[in-house]
Amino acid sequence: KNEALASNFVLLENALKFTPHNGEITIVVTKIKAGIHEMLDVKVKDNGCGISADNQSKLFKLFGYLGET
């Protein structure tokens with residue numbers, strides 16, 4: 001649970017960091033029920049500079065770091 005929460009903060013932090021001054025950040029949170037469990041689906045969308053194709057393969061790997069983009 002803590003890892004998922006930390007990942008969501010990283011997504012938001014990166015959106016804030018790499019979106020231009022008058023840019024746009026959209027956050028959508030949806031509650032999902034899977035059997036007896038409830039989860040949150042968090043989506044962050046921005047119009048920042050994006051991630052290069054070379055670095056996209058490094059996403060979601062444990063302890064991966066892309067550096068400055």
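Before we start clicking, one term: two residues are in contact, or touch, when they have heavy atoms within 4.5 Å. Keep that in mind as you look around, and remember that this is a predicted model.

**Stop 1: the whole chain**

Show the protein chain as a cartoon. You'll find two helices and two strands, and going from the N terminus they come in the order α-β-β-α. How much of the chain counts as buried? Of its 69 residues, 4% do. For contacts between residues at least 6 apart in sequence, 27% join residues at least 24 apart.

**Stop 2: the hairpin**

Select residues 25-34, which are β1, and then residues 37-46, which are β2. The two strands run antiparallel, and 10 bridges join them.

Next, slide along to the turn. Two residues sit between β1 and β2 in this hairpin. Click on Gly 35 there, and check its phi: the angle is positive, at about 65 degrees.

**Stop 3: Thr 19**

You're now in the loop between α1 (2-18) and β1. Is Thr 19 buried or exposed? Its relative accessible area is 12%, and because the cut-off for buried is under 20%, Thr 19 counts as buried.

The Thr 19 side chain reaches the backbone oxygen of Ala 15, at 2.5 Å. Leaving out residues up to four places away in sequence, Thr 19 touches Glu 24, Ile 25, Asp 46, Asn 47 and Gly 48.

**Stop 4: Pro 20**

Step one residue along to Pro 20, which lies in the loop between α1 and β1 too. Pro 20 has a relative accessible area of 45%. That makes Pro 20 partly exposed, because the value falls between 20% and 50%.

Which residues does Pro 20 touch, not counting those up to four places away in sequence? Select Asn 47 and Gly 48, and you have them. Finish with a distance: from C-alpha to C-alpha, Pro 20 and Gly 48 are 6.2 Å apart in space, although 28 residues apart in sequence.

Definitions and conventions:
Residues are numbered from 1 along each chain as its sequence is written. This is a predicted model: local features need pLDDT of at least 70, side-chain atom pairs count only at pLDDT 80 or more; totals for chains, interfaces and linings use all residues. Side-chain values use heavy atoms; hydrogens and water are left out. Helices (H or I, at least four residues) and strands (E, at least two) are DSSP runs, numbered from the N terminus. Buried means under 20% relative accessible area, exposed over 50%, partly exposed in between (1.4 Å probe, protein chains only). A polar contact is a pair of N or O atoms within 3.5 Å; within protein, one must be able to donate a hydrogen and the other to accept it, and residues adjacent in sequence count only if both atoms are side-chain atoms. Two strands pair if DSSP finds at least two bridges between them.
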